[in-house]
Amino acid sequence: MTYPPCAGRHELFDSTSPEDHATAAALCARCPIVDKCRDLLAEAKAMHGYNHLFGPRGTWAGELLAPAVPSVRGGCGTLKGYEKHRRAGEKPCDLCREEWNAYRRRRHARKQAAPCGTAAGEKRHRRAGEKPCAECLRAQALARQQRVERVVA
Ligand code: SF4
Ligand SMILES: [Zn+2]
Ligand SMILES: [Zn+2]
């Protein structure tokens, strides 16, 4: 079994300094599993919505993952920052857009876990500060009625 060159070299590969990154990236370039490593990184990014503010740090498959400096203005990389851009009629910067996309992915995942037409869906609406939809209200009323029936039975 041969190990990839990053095995046991956490300090070098977790570092975000330009010198360490250059050294690590040169090792990745000679790594026998660099293609697989790149695929895994792409998958992880898609699945967890990594942006420059959170997620892994350091060199992965020759790529430096590092916190970007929010240079546009304070508040970039947050949903508030995204809204500020929109209100100002600007195109949101990359950091803000990524945060917005990550937020939408999280919202989508929550929706799938608690679909409309269920009591859990009704709770999801309320937690999000929304008015529950008709389907969810019906499901919730039905669940309450069933609880009452169990108590009186
Ligand atoms: S390509 Fe991936 S597995 Fe290979 S050395 Fe770089 S980080 Fe390690
Ligand atoms: Zn921004
Ligand atoms: Zn609903």
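## How much is buried

Of the 153 residues in the protein chain, 15% count as buried. Here, buried means that 20 or more other C-beta atoms, placed from the backbone, lie within 10 Å of a residue's own; exposed means 12 or fewer, and partly exposed is in between. Keep in mind that this is a predicted model: local features need pLDDT of at least 70, side-chain atom pairs count only at pLDDT 80 or more, and totals for chains, interfaces and linings use all residues. As for labels, residues are numbered from 1 along each chain as its sequence is written, while chains are lettered from A and ligands numbered from 1 in the order in which they are written.

## The overall layout

The protein chain has seven helices and two strands, and along the sequence they run α-α-α-β-β-α-α-α-α. Both kinds of element are DSSP runs numbered from the N terminus, with at least four residues (H or I) for a helix and at least two (E) for a strand.

Now for contacts, meaning pairs of residues whose C-beta atoms, placed from the backbone, lie within 7 Å. Among those in the protein chain with a separation of 6 or more, 36% join residues 24 or more positions apart.

## Around ligand 1

A residue counts as near the ligand if its C-beta atom, placed from the backbone, lies within 6 Å of it. The shell around ligand 1 is made up of Pro4, Pro5, Cys6, Leu27, Cys28, Cys31, Ile33, Val34, Cys37, Trp60 and Ala61. Helix H2 (18-29) and helix H3 (34-48) are the elements that give two or more residues to this shell.

By type, the shell divides into eleven nonpolar residues, no polar and no charged. In this scheme Ala, Val, Leu, Ile, Met, Phe, Trp, Tyr, Cys and Pro are nonpolar, Asp, Glu, Lys and Arg are charged, and the others, Gly among them, are polar.

Ala61 sits in the loop between strand S1 (58-60) and strand S2 (63-65). Ala61 counts as buried because 20 other C-beta atoms lie within 10 Å. Its phi is near 50°, a positive value in a residue other than glycine. Most residues other than glycine have a negative phi. Ala29, in helix H2, is 32 residues from Ala61 in sequence, with 7.9 Å between their C-alpha atoms. Ala29 has 11 C-beta neighbours inside 10 Å, so it counts as exposed.

Phe13 belongs to helix H1 (residues 10-14) and is buried, with 23 other C-beta atoms within 10 Å. Leaving aside neighbours within four places in sequence, Phe13 is in contact with Cys6, Ala24, Gly58 and Thr59.

## Two helix pairs

Helix H4 (residues 79-87) and helix H5 (residues 94-113) pack at about 115°, with their axes 8 Å apart. Axes are lines fitted to C-alpha atoms over the stretch in contact, and angles run from 0 to 180 degrees between N-to-C directions. H4 brings Leu79, Gly81, Tyr82 and His85 to the contact, and H5 brings Cys96, Glu99, Trp100 and Tyr103. These divide into five nonpolar, two polar and one charged.

Further along, helix H6 (residues 119-127) and helix H7 (residues 134-152) pack at about 120°, with axes 7 Å apart. H6 and H7 are therefore oblique to each other, the term for whatever is left once angles under 35 degrees (roughly parallel), over 145 (roughly antiparallel) and 65 to 115 (roughly perpendicular) are set aside. The contact uses Ala119, Gly121, Glu122 and His125 of H6 with Cys136, Leu137, Ala139, Gln140 and Ala143 of H7.

Notes
Contact = placed C-beta atoms within 7 Å.
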